[in-house]
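Subject: Structure for your files

Hello,

Here is the structure I said I would pass on. My notes on its salt bridges and on one helix follow below it.

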Amino acid sequence: MIHQDISIAADVLRTGGLIGFPTETVYGLAANALNEFAIDKIYKLKNRPSSNPLIVHTHSLEEVTKYVTHIPPAAFKLAKAFWPGPLTLLLPKNKLISHAVTAGSHLVAIRIPQHPLALNLLRNIDFPLVAPSANPYTRISPTSAQMVEAYFGEDLPCILDGGHCEKGIESTIVGFDGNTTIVYRQGAISIDAIEFIVGRAKVLATVRERVTTPGMAPMHYAPRTKFLIVEDVLEFIYDNPFSKIGFLGMGEKKIEHPNLEFISLSTTSDLEEASMNLYKSMYTMDTMNLDYIVVKKFPETGIGHSLNDRITRASYEPELQTF
Ligand code: TXA
Ligand code: MG
């Protein structure tokens, strides 16, 4: 059921159940982070390998300090700058956080979300929440309660409705190695914004570089329809005259063709708006019985890097890889 009653959601969580809940990035599938049975249910429902660790969500920096041994100075600066918000920090965990959460790592991924409903919920319970994105493994992350319901149906009876997610893509994940700041997953906070706070950061590349953490697994965020990055949409239409093609574009519709469906991610070509609309539009096109969904690379500026990361992953074809 989709509803807005925090007390019902809190009760489900207290008794070891799962809920869907909104954050400013994407919807999460949440459980009590201190209850291993509840954590196990997340892996089962998502069909996610237990080697892929979960992000812990809390409501304050004071809460965060309860679960980590220390916070490096650069992490503290980033926390001050971006929390509550779409930043996940990899910090050394203490023994309150089990290896079921971190998949055996001594680091825990932790963040304070910004969505008012999420913060309210977290303040109403006396434990943190683990929450991966509320999609079955490898599917597109949901940006509305309705998408979560469509994925899990009766297997997830409690979904908190916080409307459409404002950011629309996942949090930026940042870790630390000595004095080096490392961006493990590009996300809703741009690298420029991170570097403005801590200076130069090392960014782990997208698909073609070796997979270094589970978070970098390439086959992610994919629609079921064949998804391609193209340079010239018109040329693609002419090369595939018998195919039904969906184009996720920026700006107004420029190409009229009977075989073409068009969704504008932002009529004003605004990257933040495109981010908000990307997953929703991929999901919509995935229900339209198309042969291909095509998209053009976004400008390599600000959050455009994160969007290019997501579309590169969505278009990833294992058999084409040579590493
Ligand atoms: O925006 C978000 O971060 C959303 C919302 C719900 O908060 N959550 C999210 O969770 O995207 P998930 O599980 O879909 O992606 C988290 C990524 C995973 O790919 C996981 O491998 C990585 O974070 N991760 C989690 N804990 C980690 C750890 N201890 N070390 C390295 N990577 C970790
Ligand atoms: Mg996910």
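Arg 310 and Glu 170 form a salt bridge, with 3.0 Å between the closest N and O atoms. Arg 310 belongs to helix α11 (residues 304-314) and Glu 170 to the loop between β8 (159-160) and β9, so the bridge ties together parts of the chain that are 140 residues apart in sequence. Please keep in mind that this is a predicted model.

Both partners lie under the 20% limit for buried residues: Arg 310 has a relative accessibility of 1%, and Glu 170 has 4%. The pair also belongs to a network of salt bridges that links Glu 170, Asp 309, Arg 310 and Arg 313.

The count for the model is 9 salt bridges.

Arg 111 bridges to Glu 24, and their closest N and O atoms are 2.9 Å apart. This pair again joins distant parts of the chain: Arg 111 sits in strand β6 (residues 107-111), Glu 24 in the loop between β2 (19-21) and β3 (28-32), and 87 residues separate them. Arg 111 and Glu 24 are both buried.

Arg 14 and Asp 11 are a local case. Their side chains meet in a salt bridge with an N to O distance of 2.8 Å. Both residues are in helix α1 (residues 6-14), 3 residues apart, or about one turn of the helix.

Which of its residues are buried? They are Ala 75, Leu 78, Ala 79 and Phe 82. Viewed down the axis of α4, these buried residues fall within an arc of 100°, so they line one face of the helix. Pro 73 and Lys 80 are exposed and sit on the face turned away from that buried side.

As for what covers the buried residues of α4, the list includes two helices, α3 (61-65) and α8 (191-198), along with the strands β5 (87-92), β9 (172-177) and β10 (180-185).

Regards

Conventions
Residues are numbered from 1 along each chain as its sequence is written. Chains are lettered from A and ligands numbered from 1 in the order in which they are written. This is a predicted model: local features need pLDDT of at least 70, side-chain atom pairs count only at pLDDT 80 or more; totals for chains, interfaces and linings use all residues. Side-chain values use heavy atoms; hydrogens and water are left out. Buried means under 20% relative accessible area, exposed over 50%, partly exposed in between (1.4 Å probe, protein chains only). Helices (H or I, at least four residues) and strands (E, at least two) are DSSP runs, numbered from the N terminus. The arc is that of the directions from the helix axis to the C-beta atoms. Contact means heavy atoms within 4.5 Å. A salt bridge is a side-chain nitrogen of Lys or Arg within 4 Å of a carboxyl oxygen of Asp or Glu.
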